[in-house]
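This briefing covers the sheet of a predicted model and the backbone at selected positions. The structure comes first, then the notes by topic.

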Amino acid sequence: MDTAGNHWKVSRILTTTQPKENGPLDARVVVGLYHAHLEYKDQMALRDVNFTVENGEFLCLTGPSGAGKSSILRLIAMDARPTQGEVIVRGMMASKMNRRKIPQLRREIGFVFQDFRLLEDRTVESNVEFPQLVVGIGKAQMKKNIMRVLTQVGLWEKRHRYPRQLSGGEQQRVAIARAMVNSPKILLADEPTGNLDPVTAQDIINLLFRINDGGTCVVFSTHDHQIVKTFGQRVIVVDNGEIKSDIKRTGDTNRKASLADRMYRPEAPVRRPESESMHA
Ligand SMILES: Nc1ncnc2c1ncn2[C@@H]1O[C@H](COP(=O)(O)OP(=O)(O)OP(=O)(O)O)[C@@H](O)[C@H]1O
Ligand SMILES: [Mg+2]
């Protein structure tokens, strides 16, 4: 993948798919999949996937089971490399990814899973502390960060509890706080509402809205038709490893819920008007 030929191909892809006036590397684009294919040993999971995500966007991936939603998120997290094509995340190219760049990648991307994946033998506070130990932050700053994210998800009061002492929705909020503690530019969430009842699921979507309001780019996947139906932002439908549609909606149903939900964080910044969106 590191051949000179591949460099040429990538620069050609960039110049042919991005607006000319912004040059080949558009600073607004935080994630780009360019003719990305992903093949597992005996299984083609993604075929020629192309899309870019701009700074501050909120995007929902949907489609049937086995469609390739998790595979797309894995490519963005650089947990898998495309077998053909290129993935670029905040200027880091999958084809040139190496061990040295992993800490930077970990700071840029937060990841949330359907099954929470909290450390059961650690308190809420300690779970959230963990990713900061990996990137090496000073103790005082660490404490401030923990307070900030646990307040944001409404769980500061429960910081001394263990995961088993929390509801499913609360556990997912801890997982989101953990993903956000290093202030990533991108939050990825794979079926974050998959194990939750509809009301709690909406609560988590509202939290993702608030995180997006703070400027973080959010990409999540869901099977849930109700969430997709009311999601007033960009929806990409994946089926059989391919993108079937990529639509930016202008409705604002969930946004209203998000405003009502701001009791967790009354100082939440007011959302940018839809008219400022790049995908209007
Ligand atoms: N580690 C793997 N090895 C082999 N094949 C895999 C692997 N992971 C996923 N696949 C296959 O790749 C395809 C896409 O899977 P993926 O997990 O991305 O789908 P999905 O849309 O996330 O599905 P779900 O909604 O069930 O989570 C499926 O056919 C799946 O069987
Ligand atoms: Mg999946």
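H35 is a residue of strand 1; strands (E, at least two residues) and helices (H or I, at least four) are DSSP runs numbered from the N terminus. The model is predicted: local features need pLDDT of at least 70, side-chain atom pairs count only at pLDDT 80 or more, and totals for chains, interfaces and linings use all residues. Residues are numbered from 1 along each chain as its sequence is written, while chains are lettered from A and ligands numbered from 1 in the order in which they are written.

**Positive phi**
- H35 is not a glycine, yet its phi is positive, near 45°.
- H35 counts as partly exposed because it has 16 C-beta neighbours inside 10 Å (buried means 20 or more other C-beta atoms within 10 Å, exposed 12 or fewer, partly exposed in between; C-beta atoms are placed from the backbone).
- D48, in strand 2, is also a non-glycine residue with a positive phi, about 45°.
- D48 has 14 other C-beta atoms within 10 Å and is therefore partly exposed.

- An open sheet is formed by 4 strands in the order 2-1-4-5, with antiparallel pairing (strands pair if DSSP finds at least two bridges between them).
- Strand 2 (43-54) and strand 5 (92-93) are at the edges with a single partner strand each, so one side of each has no neighbour in the sheet.
- Strand 4 (residues 84-89) pairs with strand 5 over 2 bridges, in the antiparallel sense.
- In strand 5, M93 stands opposite I88.

**Helix on the sheet**
- Helix 2 (residues 69-76) packs on the sheet and touches strand 1 (29-40), strand 2 and strand 4 (contact means C-beta atoms, placed from the backbone, within 7 Å).
- The direction of helix 2 makes about 120° with that of strand 1 (axes are lines fitted to C-alpha atoms, for helices over the stretch in contact, and angles run from 0 to 180 degrees between N-to-C directions).

How values were computed
Two residues are in contact if their C-beta atoms, placed from the backbone, lie within 7 Å.
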